[in-house]
Amino acid sequence: MIGATSSSFMSFDMARLISKTWVLAYSGGKDSTVLLDLAFRYWLDHRDIRLIVTHNEVLLDPPPLYNWVYDVLPAVAEAGVEVVVILP
């Protein structure tokens, strides 16, 4: 990460003191992708956190978004993150 310092993750450090289980809702959009990226990078160095990523499948997403989501989710699952896909 460009320009990252230990203070870049201060909010994550504070959240880690409050809870060791984090549930992240992932839609595949820009905001949730950035949050997943940051949380995943933090989790790589703090494996005492249980990171759970949920995705609500709505069956209405355009193909590029669908493909993006189902490229990202297996990649984080392969690394050891819990992934839950909720189907309608």
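**Aromatic pairs, nonpolar core and an exposed loop residue**

Leu59 counts as exposed because its relative accessibility is 61%, where exposed means over 50% relative accessible area, buried under 20% and partly exposed in between (1.4 Å probe, protein chains only). The model is predicted, so that local features need pLDDT of at least 70 and side-chain atom pairs count only at pLDDT 80 or more, while totals for chains, interfaces and linings use all residues. Residues are numbered from 1 along each chain as its sequence is written, and side-chain values use heavy atoms, with hydrogens and water left out.

Leu59 is located in the loop between β2 and α3; helices (H or I, at least four residues) and strands (E, at least two) are DSSP runs, numbered from the N terminus. The phi angle of Leu59 is positive, near 65 degrees, in a residue other than glycine. Most residues other than glycine have a negative phi.

The structure contains 7 aromatic pairs. Rings of Phe, Tyr and Trp (its six-membered ring) pair if their centres lie within 6.5 Å; planes under 30 degrees apart count as stacked, over 60 as edge-to-face and the rest as tilted. One of the pairs, Phe12 with Trp22, is stacked, at 5.7 Å centre to centre and 25 degrees between the planes. This pair links distant parts of the chain, with Phe12 in helix α1 (residues 10–18) and Trp22 in strand β1 (residues 21–25), 10 residues apart. Both Phe12 and Trp22 are buried.

Trp22 also forms a stacked pair with Tyr42, at 5.7 Å centre to centre and 15 degrees between the planes. Because Trp22 lies in strand β1 and Tyr42 in helix α2 (residues 30–45), this pair ties together parts that are 20 residues apart in sequence. Tyr42 is buried, as is Trp22. One aromatic cluster is formed by Phe9, Phe12, Trp22 and Tyr42.

The largest nonpolar core has 18 residues, of which Tyr26, Leu36, Val53 and Val81 touch the most other members; such a core is a set of buried Ala, Val, Leu, Ile, Met, Phe, Trp, Tyr and Cys residues joined through side-chain atoms within 4.5 Å. At least two residues of this core come from each of β1, α2, β2 (50–56) and α3 (63–79). The largest share, 5 residues, is supplied by α2. Leaving aside neighbours within four places in sequence, Tyr26 is in contact (heavy atoms within 4.5 Å) with residues including Leu36, Val53, Trp68 and Leu73.
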